[in-house]
Amino acid sequence: MGVRSGSADRRCAGVAAACLAIAGVACTATSPPPLPPRRVAFPEQAPASSSSPPAAGETVVTWPRDLPAAAEAPSRDERYFGWTLAADAVSIVPLIVWAGHPEKFYYAAPALLLSPAIHALHGENRSAAISFMMRTAMLGLVYLASFTADQECHSQGSGDYICIPIGTLLLLELGIVMPIVIDSTWLARTSRPASEWYRLPLPGATAGTNGAHLFTLTARF
Amino acid sequence: MRALALLLAVACAGCAPEIWLAPDLRYANARAAHQTTGAQVALVTTDVDQAYDVLADLEVIVRQRGTFGDKPTQAIVEAALREQAGRLGAHAVILVAFGQMGSSWWSYNELRGHGRAVRFR
C-alpha cells in the first residue's frame with residue numbers, strides 16, 4: 001500500500017524537471033555583457049589649464065561639483081523571504097487550529113506576530129507595520145470564515161454526513177495566501193551599505209608650496 | 001474609510017516599479033570623500049581616455065510591480081545610476097549598458113542595466 005513504484009517516482013521527477021524547464025524558459029530578461037576589468041593604463045595627457053580655451057572640436061566634459069555632504073557607501077539590496085516563509089510554515093498549523101477553536105486566541109499569535117517580528121529584526125519597521133496590519137485583517141477573515149462555514153453547511157440542510165464549505169475555504173485560502181505572498185515578494189527586502197567600501201583608499205589632492213598638485217592616498221584599517 | 005485609504009495607498013505604491021541595487025566593488029580602487037550632484041553625472045556607453053579611479057560597478061534592476069504597475073524603462077535605470085553615482089561622489093558612469101527587457105522569477109517585466117562609476121584624477 002505505502003510502497004511507491006519506481007515508474008511513479010520517475011514520472012514525478014520528469015514532471016518536476018519539465019516544470020523547472022518551463023520556468024527557466026519563461027525568464028526572458030537578459031543581463032548586459034559583463035564589465036571588463038579595471039583599466040590601469042591611460043594615454044599621456046597635457047596638464048589641464050583653466051586659462052586656455054578648449055580647442056575647436058574638443059569635447060568638454062563638465063564634471064559635477066563636489067557637495068559638502070560626505071560620500072556614502074553604495075546600498076546593496078537583499079531579500080530575506082526565506083525567513084518569512086519559514087515563519088508562515090510554522091504558524092499555519094496553529095492558525096488552522098485557532099479557526100476551529102476561536103477562544104484559544106494564543107494559537108493565532110504566531111501568524112500575527114512572527115513575520116512582523118522578522119521585518120522588525122531586519123530593521124524594516126515600515127514593512128513590519130504593513131505586515132502586522134495585513135495579518136490582523138487575515139485573522140479577522142479567518143475568524144469570520146469559521147462562522148460562515150457553519151452557516152454554509154447548515155443552509156445546505158441536506159443532512160449529509162460530510163459538509164465541505166467550498167466558498168468559505170476559497171475565501172480562507174485567498175485571505176491567508178495573499179499576506180504570505182506580499183510579505184515574501186514585496187516586503188521581505190532590505191538594503192544595507194556595502195561593507196567593503198570602507199576598506200577602499202581615499203584619494204585626495206593637496207597643493208604643494210610651489211602650487212603644484214600632490215596626489216595623496218589615505219586608508220582606514 | 002481607513003481600510004479604503006490603506007487599499008489606495010497599497011495600490012498607488014504598486015504603480016511605481018521596484019528598483020533593485022546590486023553594486024559590485026570587485027574592481028573598485030578608491031572612494032571619494034564628498035558626494036556629487038547626481039543629476040549632473042555624465043553617463044557614457046564607452047570607456048574614456050581620461051585617467052580615472054573606479055569607485056564601483058553599479059548594477060540596477062528595475063521591475064514592474066504586479067500586473068498594472070508602470071513598466072521599467074531605460075530612463076528609470078539611468079536615473080537610478082545617476083543617483084547612486086552621485087552618492088558615491090562619482091564624476092561619470094562609463095560603459096553603461098542595458099539588457100533585454102523580459103520576464104523573470106520576480107516580475108512580468110524586468111530591465112537590467114549597469115555601468116562603472118568613476119572619478120577623474
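1. Where pLDDT is low, predicted coordinates should not be read in detail. For the complex, the predictor gives an ipTM of 0.78 and a pTM of 0.72.

2. Conventions are as follows. Residues are numbered from 1 along each chain as its sequence is written, while chains are lettered from A and ligands numbered from 1 in the order in which they are written. Because the model is predicted, local features need pLDDT of at least 70 and side-chain atom pairs count only at pLDDT 80 or more, whereas totals for chains, interfaces and linings use all residues.

3. Chain B contains two helices and six strands, arranged along the sequence as α-β-β-β-β-α-β-β. Helices (H or I, at least four residues) and strands (E, at least two) are DSSP runs numbered from the N terminus. Of its 121 residues, 43% are buried, a residue being buried if 20 or more other C-beta atoms lie within 10 Å of its own, exposed if 12 or fewer, and partly exposed in between, with C-beta atoms placed from the backbone. Among contacts in chain B with a separation of 6 or more, 79% join residues 24 or more positions apart; a contact requires C-beta atoms, placed from the backbone, within 7 Å.

4. The sheet of chain B is open and mixed, with five strands in the order S1-S4-S6-S5-S3; two strands pair if DSSP finds at least two bridges between them. S1 and S3 (42-43) of chain B are at the edges with a single partner strand each, so one side of each has no neighbour in the sheet. S1(B) and S4(B) run antiparallel and are joined by four bridges. B:Leu21 stands opposite B:Val60 in S4(B).

5. Helix H2(B) lies across S1, S3, S4, S5 and S6 of chain B, at about 140° to S4(B). Axes here are lines fitted to C-alpha atoms, for helices over the stretch in contact, and angles run from 0 to 180 degrees between N-to-C directions. B:Val77 belongs to this helix and is buried because 26 other C-beta atoms lie within 10 Å. Beyond its neighbours within four places in sequence, B:Val77 contacts B:Val60, B:Val62, B:Phe98, B:Leu111 and B:Gly113. The C-alpha atoms of B:Val77 and B:Val62 are 6.7 Å apart, although the two residues are separated by 15 residues along the chain.

6. One backbone angle deserves mention. B:Leu95, in strand S5 of chain B, has a positive phi of about 55° although it is not a glycine. B:Leu95 counts as buried because 20 C-beta neighbours lie inside 10 Å.

7. The contact between the chains takes 49 residues from chain B and 40 residues from chain A. On the side of chain B that touches chain A, elements giving two or more residues include S2 (34-36), S4 (52-63) and H2 of chain B, and S6(B) gives the most, six residues. The residues of that side comprise 23 nonpolar, 17 polar and nine charged; Ala, Val, Leu, Ile, Met, Phe, Trp, Tyr, Cys and Pro count as nonpolar, Asp, Glu, Lys and Arg as charged, and the others, Gly among them, as polar.

8. Strand pairing also links the chains. Strand S1 (residues 66-70) of chain A pairs with S2(B) in the antiparallel sense over two bridges, and B:His34 in S2(B) is the bridge partner of A:Ala70.

Definitions and conventions
Two residues are in contact if their C-beta atoms, placed from the backbone, lie within 7 Å.
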